[in-house]
Amino acid sequence: MIYKKSYAAQLISLNPPAREFAEAFAPSNIALCKYWGKKNLDLNIPATPSLSISLADRGTKVQLSIAPRNSLSINSKNITEESPAFKRTFDFLELFMAKNIKLAVQSENSIPTAAGLASSASFFAALTIAIDKLCNWQASLQTLSCLARLGSGSACRSLHHGFVKWLDYDDPFKSYGIPMNVRWEELRIGLLIFDDKEKSMPSRQAMLHTQNTSPLYQAWCNNSRTDFEVVHAAIKKKNFQTLGETAEYNALSLHAVMLSARPSIIYSQPETLKAISKIHALRQNSILVYFTQDAGPNLKLIFLENDLECILEDFPRMEVINPFSRVDNVES
Ligand code: DP6
């Protein structure tokens, strides 16, 4: 078993910081085929392949400065040393920094924190790019993706814009986000936020609990591998209906496997189910709109630009994101 620190040391040479300050941005990503379960808990090696879409300029900006003591602020709020977010951030930074180097980490999200909107993914991706700049590693995106994965598995997909796949190789050096060379200009993601409070159970814990207790977990893995192939092919062919149907099915089977854990994990709230009924009614009226749901009650709608007006009639408060509104690389 290779442990985190020696794994990191095999990917980059652990230079001391080359400057006092660095800043970086990374987009949030929404999985169209989910990562839920690990082959290797320490290195976040996924049990199944997953595929996501990044949310352009919605994500996290991280500023990193050398400081007299470690500190963390999220959206201008100081996070205490005892909080799990503080511990997780500095456990990650200790993989790369000598103990005597202290850092002030300031992070700003343009998406609700911990509402199942994958902000830990954009946070660890941005933090990794910022450390690369601070220490002048000049590492490749592939290497940065492997390192970001150690902070949060889904972070490895936030190193890129557009569609990103993450394959389920056993080899930790092959476990990184791979951008797909497809631009789908008409594609839109709609955010339906019913609750922007902390998740009832963090995804890390919920994932492990499902893997350890659900009798349906193996079936989820098998189905999800098939879903991945179908979603991947549908994106390449720009077959929207197959993409939407399969992404929605993948999310619903994820929530089904969570329901079958002991005790059950239930993220949906009454508003979630009401919105799902409305989405299904829209589809009966030939509006192709689908949803996906992560570790929270909120929904992310998937549709094409042409149907925006109709969908807004039912969901006037939906935030609309054009995932292909950026053309640059995440690193630039
Ligand atoms: C439901 O990446 O947060 O968003 O690797 O334990 O940090 P850890 O888990 P995390 O899980 C994300 C779960 C998900 C699905 C997905 O993004 O693929």
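Helices (H or I, at least four residues) and strands (E, at least two) are DSSP runs, numbered from the N terminus. The model is predicted: local features need pLDDT of at least 70, side-chain atom pairs count only at pLDDT 80 or more, and totals for chains, interfaces and linings use all residues. Residues are numbered from 1 along each chain as its sequence is written, and side-chain values use heavy atoms, without hydrogens and water.

**View 1. Alanine 26 in strand 1.** With 0% relative accessibility, alanine 26 counts as buried (under 20% relative accessible area, 1.4 Å probe, protein chains only). Its C-alpha atom is 10.0 Å from that of alanine 130, 104 residues apart along the chain.

**View 2. The largest nonpolar core, 42 residues.** Such a core is a set of buried Ala, Val, Leu, Ile, Met, Phe, Trp, Tyr and Cys residues joined through side-chain atoms within 4.5 Å. Phe96, Val105, Leu127, Ile131 and Trp137 touch the most other members. Elements that each supply at least two residues include strand 1 (21-33) and helix 3 (119-135); helix 3 gives the most, 10 residues.

**View 3. The surroundings of the ligand, 16 residues.** The closest are Tyr35, Lys38, Gly153, Ser154 and Arg157. Helix 5 (residues 203-213) contributes the largest share of the shell, three residues.

Technical notes. Buried means under 20% relative accessible area, exposed over 50%, partly exposed in between (1.4 Å probe, protein chains only). A residue is near a molecule or strand if one of its heavy atoms lies within 4 Å of it.
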